[in-house]
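Hello,

Here is the structure you are taking over. Please look through it first, then read the notes below.

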Amino acid sequence: MTAAPTVGVFALQGDVREHLQALHRLGVEAIAVRRPEELERCHGVVLPGGESTTMIKLARTFELLEPLRKRVSEGMPAFGTCAGMILLADRIRDGAPGQETIGGLDITVRRNAFGRQVDSFEAEVEFDGLDRDVHAVFIRAPWVEEVGPDVEVLARVPASVPEEDAAGRIVAVRRGPLMATSFHPEVAHDDDRIHGLFVDLVSKS
């Protein structure tokens, strides 16, 4: 891809603005996606944090769910953060009854795995492919309990984290053009490296 790619951010619910700002800082044309015709313009899409069940319901209401599934299944790069990780997962534990996903990542995620809002925490996390740790913010975050054979583990919760049963949990994965994190890299205003990794995936697609 020679020209700068266009990356959409799912904008029906979730922390949209911060992702758009990070992408703009990287020199990408970033647009809010609320309708299928906006998705058609995109070379890649970011699925932000928010409330995963609400996001799916709104995507179906606005006739965006099936186009998202189709584009992802056809190889469009996608990056999910927190709730966005749940949306890309093929399997969910502790999901709402009948909860749907977009799918594409051969992983099993546990919804709200780290606990409630009051159990949110921050940690310095080693991230594969980056030269120094990232500051990771976990807010009602999922974690990955199982990965398929083609899924690369990019990050785990460090052993120094005091939260019960959290140390060593998988919190970032990649499979081909799909990437997901349990945490919110968009809130690290001085560090766009993870978004940069995704932009590289989009540029190479």
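Contact means heavy atoms within 4.5 Å. This is a predicted model, so local features need pLDDT of at least 70 and side-chain atom pairs count only at pLDDT 80 or more, while totals for chains, interfaces and linings use all residues. Residues are numbered from 1 along each chain as its sequence is written, and side-chain values use heavy atoms, with hydrogens and water left out.

**The active-site residues**

UniProt lists Cys82, His184 and Glu186 for "active site", in an unreviewed entry. These three span 105 residues in sequence, yet no two of their C-alpha atoms are more than 10.9 Å apart, so they gather at one spot. The lining of the largest pocket includes Cys82 and His184 of these residues. UniProt positions are given in the numbering used here, feature names are shortened, and annotations may be inferred rather than shown by experiment.

Start with Glu186. Its place is in the loop between strand E12 (178–181) and helix H6 (193–204). Helices (H or I, at least four residues) and strands (E, at least two) are DSSP runs, numbered from the N terminus. Glu186 is buried, at 1% relative accessible area. Buried means under 20% relative accessible area, exposed over 50%, and partly exposed in between (1.4 Å probe, protein chains only). Leaving out residues up to four places away in sequence, Glu186 touches Asp15, Glu18, His19, Thr81 and His195.

His184 is found in the loop between E12 and H6. His184 is buried too, with a relative accessible area of 6%. Its contacts, not counting residues up to four places away in sequence, are Asp15, Gly49, Cys82, Val137 and Ile139.

Cys82 sits in the loop between strand E4 (78–81) and helix H5 (83–88). Is Cys82 buried or exposed? Cys82 is buried, at 5% relative accessible area. Look at its backbone as well: phi is positive, about 55°, although Cys82 is not a glycine. Most residues other than glycine have a negative phi.

**The largest pocket**

The largest pocket has a volume of about 170 Å³. It has 14 lining residues, and the closest to its centre are Gly50, Glu51, Cys82, Ile139 and Arg140. On a 1 Å grid over the protein atoms alone, a pocket is an open set of points where a 1.4 Å probe fits, with protein on both sides within 12 Å along at least five of seven lines; lining residues have an atom within 4 Å of a point. Grid points are joined across faces, edges and corners, and a volume is the space filled by probe spheres set on the points.

What is the make-up of the lining? It divides into four nonpolar, six polar and four charged residues. Here Ala, Val, Leu, Ile, Met, Phe, Trp, Tyr, Cys and Pro count as nonpolar, Asp, Glu, Lys and Arg as charged, and the others, Gly among them, as polar.

**The binding-site residues**

The unreviewed UniProt entry places "binding site" at Gly50, Glu51, Ser52, Arg111, Ile139 and Arg140. They span 91 residues in sequence, yet no two of their C-alpha atoms are more than 13.1 Å apart, so they gather at one spot. The lining of the largest pocket includes Gly50, Glu51, Ser52, Arg111, Ile139 and Arg140.

Two of these deserve a look. Gly50 is in the loop between strand E3 (44–47) and helix H3 (52–61). Gly50 is partly exposed, at 42% relative accessible area. Gly50 touches Gln13, Gly14, Met55 and Ala83, again not counting residues up to four places away in sequence. Ile139 is in the loop between strand E8 (134–138) and strand E9 (143–147). Ile139 is partly exposed, at 28% relative accessibility.

**Helix H1**

H1 covers residues 16–25. Its residues Val16, Glu18, His19, Leu20, Ala22 and Leu23 are buried. The buried residues of H1 pack against strand E1 (6–10), strand E2 (29–33), E3, E4 and H6. Gly27 follows H1, and its phi is positive, near 80°.

**Other points**

Glu63 is in the loop between H3 and helix H4 (65–73). Glu63 has a positive phi of about 55° although it is not a glycine. Glu63 is exposed, at 60% relative accessibility.

The structure holds zero disulfides (pairs of cysteine sulfur atoms within 2.5 Å). Cys42 is buried, with a relative accessible area of 2%.

Best wishes
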